[in-house]
Amino acid sequence: MPLFSTEVKVGRIPVTGVQPVIQCGAVPAKAVIAEDIPVRATVFREGHDRVGATAVLRGPDGAEVHRVRMREGAPGLDEYLATLRPPTVGPHTFTVEGWSDPVATWHHAATVKIQAGVDVELMLAEGGALFRRAAADPERSETDRAMLARAVRGLEDATRDTAERLAAADDPDLAEVLAARPIREFVSASPSYPLDVQRALAGRGAWYEFFPRSEGAVYHPESGTWSSGTFATAAERLPAVAEMGFDIIYLPPIHPIGRTHRKGPNNTLTAGPQDPGSPWAIGAEEGGHDAIHPDLGSAEDFAGFVARAHELGLEVALDLALQCAPDHPWVTEHPEWFTTQVDGTIAYAENPPKKYQDIYPLNFDNDPRGLRRAVLKVVELWIARGVKIFRVDNPHTKPLWFWEWLIAKVHHRHPEVVFLAEAFTRPAMMHALGRAGFQQSYSYFTWRNTREEIAEYLHEVTALTPAFYRPNFFVNTPDILTEFLQFGGPAAFKIRAVLATMSNPMWGMYAGYELFEHVARPGAEEYLDNEKYEFRPRDFDRAQERGESLAPYITRLNQIRRAHPACQDLQNLTLHTADQEEILVFSKSRRHLPDGQRTAPAGVGRSRGRHDAGPDGNARASGVVFPGVPDAEALAASLPGPADTLIVVVNCDPHAVREATVSIDLAALDLRPQDVDAEGRFEVEDLITGARWRWGAANYVRLDPHVEPAHVLRIVRSA
């Protein structure tokens, strides 16, 4: 094969560096319905002639669904930027078209030459010819053609002085007409790149985790025994979860729990007869991953739980933990699916210094075909039982090829299914899991606490990695109770909740967070009396009656998320500055699409009944109705009128009052002339307290973490 090819690979107008593109287009970039997807490219040509660029989005059927002229980015870098907004789910493609811009080329040359007195009449005549050509376009309106004709007459009117004739081409309305429908020469398209547009809950939503066995569990002091909670008693907690504004109820494993090497309270090695064991030690004589723990109920009881969740607008997510207790049926039926050590014993799971003697990890190298078929069968079973979201436990301990195969297989038949990776590991693996098909992942947000750490991480996940990695900001998990929460008091819980809910369209919370649970096992970053190993019923109602619950605050934050489309996108965050190192400032804005750029056909979106839009615009997927993020209809149809913009200011110190001057990049706020007063200031409303102020480029703030540690400000725009 020759080292150099004679085939020309570049168009007349070169288009390079197109983004978002993963592995040269071999893997589709991620998106969700009605999300704003930033597109960028480098477009240039030889010489001094001007160029332009257009981004084009095509839907699953190949038809064009969105076309937008790109704007110039950083000066001197030939960078062009645009935003595409997919109106439906399914596989899309996008291209960037580069083209020569004869109007911009003429305007620059005419301005320079006429000022210098060079080729004056020639320049004016060329302008007249260009605008006459534009007016001849049959697709233009009568109004636009009349405006272009006036420009031609002005340029060619020899009775006027030269400056007046040139000014005829400088009408702002005329510029708008030509920008909307430019004259394009030598149009050269980039390759088509894939964009995987999925339903809203693949990239938006609020998660709530609880253990169903704890919900309704009863301790009997006379006998020292427990009665487990059931699906029926757990369903009684669902209205409160929905009332707080959550979209997804996530359940740890609900399968039979092994008895061999069962862990006792606080991960001790000896369990008593009443200790329920860790739900992640899956499998016993009652069955394995396809079975339900008999204490929780039957398959019919689980179906009732799922149905009740749907009635309340909640979708059920289930833990997919591919590991087995020593008592799991697979251990005797398929010993080749595990790792046998030289002494003949099966290796148990370890994550030094942690040891999990009650869990056997799976080995995918001995019988990959048999094991992958068994896992697929398990996933298909739970899909048939109404589970469309899986939180996958430790996916980074399984080979990537397996996840790529499994997720592709599932999505071929069930494109609505969502996989969340519980992968707290090295960035390379976390990112690779995203490329393999996981729509979302746990993240390092949990351990980013200072302003500098948070700002750096927000920039990374909103600007550098969204094409393949979508983070879910969990504030706590049964395994993770950070020192920030252990020692920060109630203010720390508010701070983390504001950061998670306002910066990211996906966030999650494990039960007990609203009760400020913060006591850790000594020397560990996990809860004392960890619910993984014992029953833990809670009296949420009493805490709220006594004013000792964060539930009203969580409810308000979720209400803000639902009411403001700006909260529902990932890539629309801008960091601002403050002169105090503990004050973090960011804004999120979602623009309306100008006329001619609307993307959503009639019917696309969702009703107030909170159901994801299917590919045909109806609230279903694969024949089943699913709950999900509300107000997607407004998102899909794009915003009518002005942009929706929030400014969030957070005191990251839970212990001390902080004062600062906040400096705002006004260009990021999508302000219109009617939104600001004569002094350039605009009105903001604090959506937490209801207070209103006039803000501008520099603003004083004082945040007391023991009162309100954050401002969540809405820009009040003129109608």
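Which side chain does a polar contact join to that of Asp367, and at what separation? In this predicted model, the partner is Trp337, and the polar contact between the two side chains is 3.0 Å.

**View 1. Asp367 and its side-chain contacts.** Set aside the neighbours within four places in sequence, and Asp367 is in contact with Glu336 and Trp337. With Trp337 there's a polar contact, side chain to side chain, at 3.0 Å. The side chain of Asp367 also reaches a backbone atom: the nitrogen of Gly370, at 3.1 Å.

**View 2. Asp367 in its loop.** Here we step back to the chain around this residue. Asp367 sits in the loop that runs between β19 (360–361) and α10 (368–384). Its relative accessible area comes to 23%, so Asp367 counts as partly exposed. For a sense of scale, take Ala271, which is 96 residues from Asp367 along the chain. The C-alpha atoms of Asp367 and Ala271 are separated by 34 Å.

**View 3. Cys567, a cysteine without a disulfide.** Searching the whole structure for disulfides turns up zero. For Cys567, the nearest cysteine sulfur belongs to Cys652 and is 17 Å away. Cys567 is buried, with a relative accessible area of 1%.

**View 4. Cys24, an exposed cysteine.** How buried or exposed is Cys24? The relative accessible area of Cys24 is 77%, so this residue counts as exposed.

Notes. Residues numbered from 1 in each chain as written. Predicted model: local features only at pLDDT ≥ 70, side-chain atom pairs only at ≥ 80, totals over all residues. Heavy atoms only, no water. Disulfide = S-S within 2.5 Å. Buried < 20%, exposed > 50% of the residue type's maximum accessible area, 1.4 Å probe, protein only. Helix = DSSP H or I, 4+ residues; strand = E, 2+ residues; numbered from the N terminus. Contact = heavy atoms within 4.5 Å. Polar contact = N/O pair within 3.5 Å; in protein donor to acceptor, adjacent residues only side chain to side chain.
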